[in-house]
Amino acid sequence: VTSLPSGTRPLIVFINPKSGGKQGAKILRIFQYLLNPRQVYDLTEGGPTPGLKFLSHLPDCRILCCGGDGTVGWILAALDQLDLARKPPVAVLPLGTGNDLARCLKWGPGYDGEDIGEILRDVGLADLVTLDRWSITVTNDPESTEKGDRVPYEVINNYFSIGVDASIARKFHVMREKHPEKFNSRTRNKLWYFGMASQEQFSGTCKDLEKLVSIQCDGMRLDVSHALEGIAFLNIPSIYGGTALWGQEKKALRRRPHERRGSSPDVYAVQAMDDKLMEIVGVYDSAHMGRIKIGVTNSGLRLAQCRRIVIKTTKMLPMQIDGEPWMQPPCTITVGHLNQMPMLAKVDRRGPRRVQSLFLNLGGRKN
């Protein structure tokens with residue numbers, strides 16, 4: 001890498017060509033044409049390591065991650081492994097189905113053919129924000145003989161949940177693994193998900209959840225005796241592809257130490273992705289989830305905000321982390337704050353602001 005010209009802000013692009021049906025592969029070709037080849041990395045060829053090693057030599061570098069929430073988590077996990085004095089901030093070009101983190105960062109619900117050049121300008125102008133990240137440790141009950149699935153992640157970026165929503169997500173995941181040709185577009189994926197949610201409403205596989213789960217928040221036992229079928233632990237304001245499960249405040253509330261939990265919405269702080277607090281919300285069933293999503297109901301049942309969570313379960317239950325589901329036998333789960341990662345939030349570009357160059361002086365693009 002030669003010395004960078006004044007006003008240049010280096011950019012590295014990671015693309016998951018398997019995301020978004022055929023969108024990922026198409027976008028990969030566009031970026032390879034627009035940018036220097038050393039700026040663009042196909043995540044199916046060696047993962048993020050080659051690109052991250054390259055960016056470690058670049059000052060004030062930015063990352064653009066093209067994929068779903070799982071792809072973003074992959075990049076953030078790889079950044080954790082790098083011994084960098086300053087982590088590069090990450091922007092998101094959403095190619096997945098839910099894209100909850102991209103929605104919170106204002107990159108939209110999904111890529112829909114927008115001009116890539118405009119997206120590059122947006123990355124150059126984006127605001128630096130901070131994302132909390134949480135460690136999750138799952139310890140199986142040694143007295144249980146039940147066999148579950150592998151826990152997908154050790155870090156929560158978006159959310160963790162137990163019950164009805166995880167059951168729907170697992171059915172969706174199993175069906176997609178068996179018949180990938182039926183899940184080749186974002187719209188079709190959403191239709192499949194809606195159908196499975198309707199089936200779950202009638203089957204009620206997660207009833208009596210309060211008898212199977214106990215939760216401690218910051219050392220205090222949480223009351224979950226509300227006929228709930230699902231409990232979600234939120235780090236960001238979006239879940240289920242854009243649902244504000246915690247609800248939205250009309251104005252910010254000043255947080256005081258004794259106002260982190262309670263039965264009234266008024267005692268809670270406004271949800272934020274950088275406050276080192278996790279929100280806990282209950283849902284009654286899949287129909288309740290649907291009413292929240294379409295806006296008929298303002299929010300789920302607010303249960304708590306806290307910094308450390310201990311969960312004990314007594315039966316095999318469906319769970320999910322950031323959209324990746326699994327079946328979990330009886331266990332103890334511990335969730336605590338891990339670190340914070342710099343991210344990039346899209347800003348309104350209607351004003352005449354100067355955009356720094358995102359092209360590197362690496363000897364020119366190959367023709």
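User: What is pLDDT, and how do I read it here?

Analyst: pLDDT is the predictor's confidence in each residue, from 0 to 100. You need it because this is a predicted model. The protein has a mean pLDDT of 84. Of its residues, 79% reach 70 or more.

User: Over which residues does pLDDT stay under 50?

Analyst: One stretch is residues 352-356, where the model has eight contacts beyond four places in sequence. Another is residues 360-367, with 23 such contacts. Where pLDDT is low, the predicted coordinates should not be read in detail.

User: How many helices and strands does the protein have?

Analyst: Its secondary structure comes to eight helices and 16 strands. Now look at how the chain meets itself. Take contacts between residues at least 6 apart in sequence: 76% of them join residues at least 24 apart.

User: What share of the residues is buried?

Analyst: Buried means under 20% relative accessible area. By that cut-off, 50% of the 367 residues count as buried. The accessible surface comes to about 17,800 Å², and carbon and sulfur atoms hold 50% of that area.

User: Which residues touch the most other members of the largest nonpolar core?

Analyst: Start with the general idea. In soluble globular proteins, nonpolar side chains tend to be buried together. Here the largest nonpolar core has 49 residues. Phe31, Leu64, Leu93, Trp107 and Met343 touch the most other members. Another core, of 29 residues, lies apart from it and includes Ile231, Phe233, Leu303 and Ala304.

User: What is Phe31 in contact with, leaving aside neighbours within four places in sequence?

Analyst: Its contacts include Val13, Ile15 and Val40. Leu64, Cys66 and Leu93 are also among them.

User: How do I read a strand such as β3?

Analyst: In a regular strand the side chains alternate between the two faces of the sheet. In β3, Arg62, Leu64 and Cys66 point one way. Ile63, Cys65 and Gly67 point the other way. Six of the six residues of β3 are buried, so this strand is largely enclosed by the rest of the structure.

User: Which strands are joined to β3 by bridges?

Analyst: Five bridges join β3 to β1, residues 11-15, and the two run parallel. Leu11 has Arg62 as its bridge partner in β3. Five bridges also join β3 to β4, residues 90-94, again in parallel. There, Gly67 stands opposite Pro94.

User: Which helix forms a β-α-β unit with β3 and β4?

Analyst: Helix α3, residues 69-80. The unit is right-handed.

User: Can we zoom in on Cys66? Is it buried or exposed?

Analyst: Cys66 lies in strand β3. Its relative accessibility is 0%, so Cys66 counts as buried. Among its contacts beyond four places in sequence are Val13, Asn16, Phe31 and Leu95. Cys66 and Gly24 are 42 residues apart in sequence, yet their C-alpha atoms are 7.4 Å apart in space.

User: Where do I find positive phi values in residues other than glycine?

Analyst: Asp60 is one case, with phi of about 55°. Asp60 sits in the loop between α2 and β3. Tyr240 is another, with phi near 60°. Tyr240 is in the loop between β10 and β11.

User: Are those two residues buried or partly exposed?

Analyst: Asp60 has a relative accessible area of 38%, so Asp60 is partly exposed. Tyr240 comes to 13%, so Tyr240 is buried.

Key. Residues numbered from 1 in each chain as written. Predicted model: local features only at pLDDT ≥ 70, side-chain atom pairs only at ≥ 80, totals over all residues. Heavy atoms only, no water. Helix = DSSP H or I, 4+ residues; strand = E, 2+ residues; numbered from the N terminus. Buried < 20%, exposed > 50% of the residue type's maximum accessible area, 1.4 Å probe, protein only. Contact = heavy atoms within 4.5 Å. Areas by Shrake-Rupley, 256 points an atom, 1.4 Å probe, with all protein chains shown as cover. Core = buried A, V, L, I, M, F, W, Y, C linked by side-chain atoms within 4.5 Å. Pairing = 2+ DSSP bridges. Right-handed = clockwise from strand over helix to strand, strands pointing away.
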